[in-house]
Amino acid sequence: MDDLLTHKRSPDHRTEIAISPEVTCGGNRLMLVAGPCAVESEEQMQECGDALSKAPVQALRGGVFKPRTSPYSFQGMGEEGLQILVESGKQHGLPVIAEIMSAKQLEDAYDSLDVLQIGSRNMQNFELLKEVSLVKKTVLLKRGFAATIEEFLMAAEYIMAGGNANVILCERGIRSFDSMTRNVLDLGAVAVLKQMTHLPVIVDPSHAAGRYELIADLARAAVACGADGLMIECHPQPKKSVSDARQALSLTEMSGLVKSLAAVAAAIGREVSLASEQVLAAK
Ligand code: PEP
Ligand code: MN
């Protein structure tokens, strides 16, 4: 077990992964990712890109192939959504992240995406893990909502064992008995993962809480506890989100949250990017 690729070789073994020439995850600086649950329109993604590049966050997310519980719910805009996401990322100098659920989607989206997201529902889709292990692009692997930490690390091990060393782990809440929150954010897992693995670990408080009014508190707690970044859902008109409306922050709330993270990050020797330096880089 001690020679697993995901495990630390020494207490200070940390891997920093570049997702674009300007953005890394796992170093001193936090990687903040934000955007809507699903790409819905060009206007929506333009507004998100405008506000989020100034917040600033370091990457833009937006689901285009959506894993929905019901087959009758909106399934995502597919290829058209992908082009909208890519365009907004380009215009605003932000790398882009979206979920892929199959080998076909991997092939179709590969050239467009900077990071390939594997969602909670596919964490143990071993064939998909093997597919992304054969490419070099960074994989954002989300913890299954009923997966143990060991199962989570073994899923990452599949990707690394096949030859792709660029894996970022994401804790997004696990299922429990209390329905007051959508899931339970497992910050204990973040602490454990930071000790066991050299890979970057980020936190998605949006799918954990399921309620927008809890996101900022959980985001700050995640940073205090050592997370290397955050992924947060937001929308120009949260109540009109076609999916996960209840957990979407407004773009103003998202910008406010980014600012509030600076002091928490500083308290543990980390930092967040400042708006002024990022706007200069985008030009
Ligand atoms: C998402 O991030 O878009 C998503 C569907 O999250 P999860 O896989 O964690 O449910
Ligand atoms: Mn969502």
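Predicted model: local features only at pLDDT ≥ 70, side-chain atom pairs only at ≥ 80, totals over all residues.
**The overall picture**

Let's zoom out before going back to that helix. The protein has ten helices and ten strands. Its radius of gyration is 17 Å, close to the 19 Å that the globule rule gives for 283 residues, so the protein is as compact as a globular protein of that length. If you're setting up a box, the C-alpha atoms fill roughly 50 × 45 × 45 Å along the principal axes.

Of the 283 residues, 54% count as buried. Take the contacts with a separation of 6 or more: 70% of them come from residues 24 or more positions apart.

**Inside the fold**

In soluble globular proteins, nonpolar side chains tend to be buried together. Here the largest nonpolar core has 68 residues, and the members touching the most others are Leu 52, Leu 113, Leu 141, Leu 169, Leu 230 and Met 254. There is also a second, separate core of 14 residues, with Val 23, Cys 25, Val 33 and Ile 168 among them.

Leu 113 is worth a click in your viewer. Leaving aside neighbours within four places in sequence, Leu 113 is in contact with Leu 82, Leu 85, Val 96, Ile 97, Ala 98, Ile 100 and Lys 137. Ser 112 lies in the loop between α3 (103-109) and β6 (115-118). Buried or exposed, where does Ser 112 fall? At 19% relative accessibility, Ser 112 counts as buried, because the cut-off is under 20%.

Helix α8 spans residues 212-224, and its buried residues are Ile 215, Ala 219, Ala 222 and Val 223. An α-helix has 3.6 residues a turn, so residues three or four places apart point the same way. What do the buried residues of α8 pack against? They meet α6 (187-196), β9 (201-203), α7 (205-209), β10 (229-233) and α9 (251-267).

Most residues other than glycine have a negative phi, and most peptide bonds are trans.

| Site | Backbone value |
|---|---|
| Ala 55 to Pro 56 | cis peptide bond, omega near -10 degrees |
| Asp 244 | positive phi, about 55 degrees |

Pro 56 lies in the loop between α1 (42-54) and β4 (59-61). Asp 244, which has its positive phi although it is not a glycine, lies in the loop between β10 and α9.

One more loop deserves a look: Gly 163 is placed between α5 (149-161) and β8 (167-171). At 37% relative accessibility, Gly 163 counts as partly exposed. Setting aside neighbours within four places in sequence, Gly 163 is in contact with Ser 133 and Lys 136. Gly 163 and Lys 136 are 27 residues apart in sequence, yet their C-alpha atoms are 7.9 Å apart in space.

Technical notes. Residues numbered from 1 in each chain as written. Chains lettered and ligands numbered in written order. Heavy atoms only, no water. Helix = DSSP H or I, 4+ residues; strand = E, 2+ residues; numbered from the N terminus. Rg over C-alpha atoms; globule rule 2.2 N^0.38 Å. Buried < 20%, exposed > 50% of the residue type's maximum accessible area, 1.4 Å probe, protein only. Contact = heavy atoms within 4.5 Å. Core = buried A, V, L, I, M, F, W, Y, C linked by side-chain atoms within 4.5 Å.
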